[in-house]
Amino acid sequence: MFTQKELPYQFSALEPIIDSKTMEIHFTKHHTTYITKLNDALSTHAELQEKAVEELLTDIKSLPEDIRTAIQNHGGGHANHTLFWEIMTPEKETLPSADLVAAINSKFESIEAFKEKFSNAALTKFGSGWAWLVVKPSGELDVYSTANQDSPLMQGDKPILGLDVWEHAYYLNYQNKRADYISAWWKLVNWNKVSELFTQP
Ligand code: MN3
């Protein structure tokens with residue numbers, strides 16, 4: 001059965017960029033519900049219960065049809081939020097590693113150009129979804145958005161940075177001003193963690 005890892009900081013730790021109430025509802029209601037529904041879906045498929053959520057999402061096409069959509073939505077929701085909590089920090093001014101900077105420069109030409117591309121993916125995602133920085137199987141970086149809770153793992157890419165642009169992630173503080181949420185959010189990125197994920201095989 002999947003369980004929720006403890007949040008690595010207090011609900012209020014990311015204030016004022018993400019308010020305490022939003023963090024609390026997001027973590028204890030939204031993320032928790034994805035886990036409950038993921039476990040519900042797997043309850044009829046004992047053979048899949050030992051697998052990691054990343055493995056389920058990577059192999060989504062081979063999953064039994066009756067639970068495929070539930071794993072896509074709730075397994076995706078669980079994996080995406082687990083990553084999201086980890087790639088944010090109240091620590092100020094963490095920096096990407098030299099290797100990650102080199103990879104970003106090689107793909108996007110500069111950190112600024114990368115941030116602009118990522119922010120644009122987040123801003124222009126119509127409806128609910130996520131913006132991602134991923135490592136492709138070739139080792140190359142890429143930026144794109146996905147709808148709903150679709151995980152980059154479903155297309156064989158490894159997400160190392162993700163931004164939740166569902167309204168539940170920002171509405172209390174920012175209402176319809178998604179652009180303000182996105183530009184403020186960069187200050188929360190835990191570059192130590194993103195760099196670590198980039199380096200991991
Ligand atoms: Mn969310």
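Reader: Two strands count as paired if DSSP finds at least two bridges between them. In this predicted model, which residue in β2 stands opposite L133?

Author: Strand β1 covers residues 129-135 and pairs with β2 in the antiparallel sense over seven bridges. The two strands form a hairpin with five residues between them, and G139 in the turn has a positive phi of about 95°. The residue in β2 opposite L133 is V143.

Reader: Is strand β2 largely enclosed or open?

Author: Buried means under 20% relative accessible area. Five of the seven residues of β2 (residues 141-147) are buried, so this strand is largely enclosed.

Reader: Which residues are the protein donors of the manganese ion?

Author: In sequence the donor residues follow the spacing H-x54-H-x82-D-x3-H. H26 in helix α1 and D164 in strand β3 link distant parts of the chain, 138 residues apart. The donor atoms lie 2.0 to 2.1 Å from the manganese ion, and the residues are H26, H81, D164 and H168.

Reader: What is the relative accessible area of D164?

Author: The cut-off for buried is under 20%. H26 counts as buried because its relative accessibility is 2%. D164 is also buried, its relative accessible area being 0%.

Reader: At what angle do α1 and α3 pack?

Author: Residues of α1 including H26, F27 and L38 meet residues of α3, among them H78, H81 and W85. The residues of this contact divide into twelve nonpolar, nine polar and one charged. The crossing of α1 and α3 is left-handed. With their axes 8 Å apart, the two helices pack at an angle of about 145°.

Definitions and conventions: Residues are numbered from 1 along each chain as its sequence is written. This is a predicted model: local features need pLDDT of at least 70, side-chain atom pairs count only at pLDDT 80 or more; totals for chains, interfaces and linings use all residues. Side-chain values use heavy atoms; hydrogens and water are left out. Donors are N, O and S atoms within 2.8 Å of the metal (3.2 Å for Na, K and Ca); water is not among the atoms, so sites may look incomplete. Helices (H or I, at least four residues) and strands (E, at least two) are DSSP runs, numbered from the N terminus. Buried means under 20% relative accessible area, exposed over 50%, partly exposed in between (1.4 Å probe, protein chains only). Axes are lines fitted to C-alpha atoms, for helices over the stretch in contact, and angles run from 0 to 180 degrees between N-to-C directions. A crossing is left-handed if the near helix is turned anticlockwise from the far one by less than a right angle, and right-handed if clockwise. Contact means heavy atoms within 4.5 Å. Ala, Val, Leu, Ile, Met, Phe, Trp, Tyr, Cys and Pro count as nonpolar, Asp, Glu, Lys and Arg as charged, and the others, Gly among them, as polar.
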